[in-house]
Amino acid sequence: MRSSFLGFEIAKSGLQSAQAGLDVTGQNIAKMNAKGYSRQTVEQSTDYYATNNYKYALLNENKIGHGVTLDRITQIRDQFLDTRYREAFADYSRYSKALSIMTSVSNLVDETLRDGLGAAYEEFIINLQTFSMNTGDIDYSGLVRSSAQKITETLSYYYNQLEKLREQEVDDLSISINDINDLLERISGLNKEIQFEKLFKNSPNELLDTRNLCLDQLAGYMNITIEDNGDGTINVKVGSQYLIDARSDTVQKLSYEEIGDTYAVKTESGELEIANGSLKASLDAINGKGDFAASGENDAKGILYFQMLLDAFALNFVTKMNELNGADKPLFQGTTALTIEISDAWLKDANYITTTNNAEPKDGQNDNILRMLAELNKDVSIGDIFIGTFDEFILKMILDAGSEESYMNDLTQSSDAILTSIDNQREAAKGVSLNEETVNILKYQRAFEASSRILTALDEMLDTIINRMGAVGR
Amino acid sequence: MLSKNYLKNLNYTLEKLNNMNTRVAAQRKYMRFADDPATSLKAMKIRKQISRIEVYKNNLNDIQGILDQYETSISNINDIVKEIVAQVMQASNGTSGESVVKTVAETLRNYQKDILSALNAKYADDYIFGGDKVEGPPFSENENHELLYFGQEVGGMSEIPEEHRYVDIGLGLKDVNGNTTPKTAFDIAISGIKLLTVGNNSGNDENGISYNLYNLIDQIADKLENVDTSNLDGYINRLQDIAENVRLQYVSIGEKSNYVKYMQDRLDSEKINAVNKQNDLESLDTAEGIIEFTELEFAYNACLAMGAKLLQPSLLDYLR
C-alpha cells in the first residue's frame, strides 16, 4: 500500500531541485565575469524506493522512485586543461618578460634612428683620417682626442644604463619573490580550508576557484608541478623541490642570494631549478653571460653579457691604441667600460698622440697615424669570443641585442597564441555561457511550476478523499 | 571569452595601424633594429661604407689641392729653368761682352731666389716640398749661395733621402711593422731635392759640376761673375738634363692628378650606388606604405563594426 503523502515528498524534492537549479543559475550569472570563476552545476540523482516498513510497502511491480536527491553542487573544471594552461602561461610570462628586458637593452644600443657607440667610433676614425693629413696641427689632434673621449663616455654611459637596468631587474626579482611567498601562504591556507570543508562534505567550490587562481598566478612565475593528495589538498613542486607539502604541512619560502656577480633563487633546502616563467627571464637577464659563460654558468644573452661585451671592447681598444701609440705612452687609462678614460698626459696635450716613429718628429709626418688606421682595419680577437674589427664588434653587439629582441618577440607572439587557444578551450568548459544559463532559467522555472502543479493536484485528490468522500446525502 | 578575444584582436589591429602610421610618417621600412635585424645589419654596413667613402673623398680633395699647388710651383720652376738655359747659352757663345756676362750672373742670382721661394711654396699653411714634413720653410741657402734642406747642405748629402707621406684613399690600407705598404695608399710627399737633382747624388761629379740645379746655378754664376766663359758646355749639358727632369716631374704630377680625378669619379659612383642601396633597404615606398595603411585601416574599421554586432546579443535579448 502506498503511503498517503508519498507524492507530496516526490513533488517537494522536485521543487527543491528546481529551486537549487535556479539558485545555481543565479550564482553562475552573477559571477559570470568574476576572475577565475568556474561554472557550477547541480548534481542530482534518483531517490530509490526503499523501505523496511512492510505496512506501506508497494507491490513489487508498482515500485516507483522517491523523486530526486540533490547530491552536491560541483564545478566544471578540466585538470588536463589547467595543467596545459599553466605550462603555456609560464612560457608566455617568460618570453614577454624577456622581451621587455631585451627591448630596453636594444633601445640602448640601437643606432637606427640616433647615434651611439658605433657613430662615436666612426667619428674617431674620420677624425684620425683628417688628422693624418694635418699632423702637428693642434686643432686636428684636439678633434681626435674629443672623439676618443666620446667613445669612452659612451662606453661608460652604456655600462651605467645596463647596470641600472640590471638593478631594476634585481628589485623586480625581490618583488616577485615576495609575491610568490604570499601566494604560497595563501595556497597552503586554502589547502587546509578545503580539506576541512571536504571532511564535512561541504562543497568547497569557491575555495577551489581561489586556489586555482593562485596556482595560475604562481605558474606565471615559474615551472610548477602540482600533485593531488586526494583529500582536497595539493602539493606544489618546482623541479624536485616541494614548495608546499600538504602531507607534512610545510611551506618553503623563497629568497634570493648574491653569489659573486650572479643571483640565485633558493629555499632553505637549496637552490631552485627554475626553468620557466618570469623568474627564469629575470634570472637570465641578471645572470646571462652569453658567449662568455663558462660551463655551468647561465649562457643566455642577458644584461651581464652586454656589460661583458662593453668591457671586452674597452679593454681591447685601450690595449690596442696604447700599444700603437708607443711603449709607455698610453692614450687611455682604465681597463673596463666604466673606468676607461683619456690618459692624463693626452688630456694635457692633444699632440701627445704619436704621429711618427721618426726620432725627431716634424709636422706633416704621419706614418704612425697611418699605422693606427691600418691596424684598426685589421681583425683582432676580442674577449676570446669574436674575431673582427672594432666596428664589426660594435655591430655584433647591436645585432645581438636586436636579434635577441626580435627572437623574443616571435616567441612571445607564438606563446601568446598558444595561451589564448588553451585559455579559450578552458573558458569553453569552465566559463559561463549566457545563452546556456538563460535556457536554464526557463528550464528550472518551468520545472518549479510543474512540481507546484503536482502538489496542487495531490492536494485536490486528498481534498476529495477527506472532504467529499462519504458525504452522500449529508 | 568572445569579448576577451575580440578586445585582443582589436588591440592587435590598432597596434599594427599605429606602427604603419609611424613608418609612413617617417618614410622608413623599419624604426628599430629589432624590427628587421637582417635588413638593419645590411643597412648599418652600407652606412659605414658611405661614411668611409666621404672620408676618402675629403682626402682626395685635399690631395687634389696639394697637387694643384705642386703643378703651379713646378711650372714656375720649369719656366725659370728654361729662362736660365737660354741666358747661359747666350752668355757662353763668346760674342757677349763682359757687362752682359756679368748681368747674366746677377740674373742667375735672382733666379736662385725665385727658385727658393717656389720651393718654399705652401698649401694651406703647409710647406709642400718638404718631403714628409710640412714644417718649414724647408729650403734656405748658406752664405755661399748653396742650397740647404732643413739646415743641411744638399751638396753634402751622399744620397737623396727617401721620404713618404701616405694618405688613405680607400685602397685597402695595410701596414707592415709601422711601414705603410706603398700600393695601399697614396703618397703625396714630393721631395724638392729630387725635383732639382738628376741621378741619386746631390753632390758634384768628377769635373766638379753639381748634380743639383740650385748649386749648379751658383757654380755657373760664380764663373760668369769672374767672366770665365770657358768649359761652360758641361754645365749647360747638366742644366739641360735637369730641365728635362723638371719637365718629367711636371708631367708626372699631371698623371697623379688624373689618377686622383679617376679615384674621385669612382668614389662618386660608389657613393651613388651605396646611397641607392641604402634607400632600397631603409626607405619606405610612399605609395606602397599608404596602400598597406589603408588596408589596415579598413581591417580596423571592419573590426569595430563587427564588435557592435558581436558583443550585444544573447538569448536574453530575444525573450520577452
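Tutor: Buried means under 20% relative accessible area, exposed over 50%, partly exposed in between (1.4 Å probe, protein chains only). This is a predicted model: local features need pLDDT of at least 70, side-chain atom pairs count only at pLDDT 80 or more, and totals for chains, interfaces and linings use all residues. Residues are numbered from 1 along each chain as its sequence is written, chains are lettered from A and ligands numbered from 1 in the order in which they are written, and side-chain values use heavy atoms, with hydrogens and water left out.

Student: Is A:Asp249 exposed, partly exposed or buried?

Tutor: A:Asp249 sits in the loop between β5 (241–245) and β6 (250–251) of chain A. Strands (E, at least two residues) and helices (H or I, at least four) are DSSP runs, numbered from the N terminus. A:Asp249 has 46% relative accessibility, so this residue counts as partly exposed.

Student: What is the phi of A:Asp249 near?

Tutor: Most residues other than glycine have a negative phi. A:Asp249 is a residue other than glycine, yet its phi is positive, near 50°.

Student: What is the relative accessible area of A:Asp328?

Tutor: The loop between α7 (303–324) and β10 (332–333) of chain A holds A:Asp328. Its phi is positive too, near 60°. A:Asp328 is exposed, because its relative accessible area is 77%.

Student: How much accessible area do A:Phe196, A:Leu199 and A:Phe200 have together?

Tutor: A:Leu199 lies in helix α4 (138–199) of chain A. It counts as exposed, because its relative accessibility is 66%. The three residues form a nonpolar surface patch (over 30% relative accessible area, no salt bridge; nonpolar side chains joined within 5 Å, like charges within 9 Å). Their accessible area together is about 380 Å².

Student: Which residues gather in the patch of negative charge on chain B?

Tutor: Helix α7 (286–311) of chain B contains one of them, B:Glu292. B:Glu292 is partly exposed, because its relative accessible area is 35%. The patch lies on the surface and gathers B:Asp285, B:Glu288, B:Glu292 and B:Glu295.

Student: Which strands stand at the edges of the open sheet in chain B?

Tutor: The sheet has 3 strands in the order β3-β4-β5, with antiparallel pairing. Each edge strand has a single partner, so one side of each is left without a neighbour in the sheet; these strands are β3 (139–141) and β5 (152–153).

Student: Which residue stands opposite B:Leu148?

Tutor: Strand β4 (147–149) of chain B pairs with β5(B) in the antiparallel sense over 2 bridges. Pairing requires at least two DSSP bridges between strands. In β5(B), the residue opposite B:Leu148 is B:Glu153.

Technical notes
Areas by Shrake-Rupley, 256 points an atom, 1.4 Å probe, with all protein chains shown as cover. Salt bridge = Lys/Arg side-chain N within 4 Å of Asp/Glu carboxyl O. Lys, Arg positive; Asp, Glu negative; His and termini not counted. Charge placed at Lys NZ, Arg CZ, Asp CG, Glu CD.
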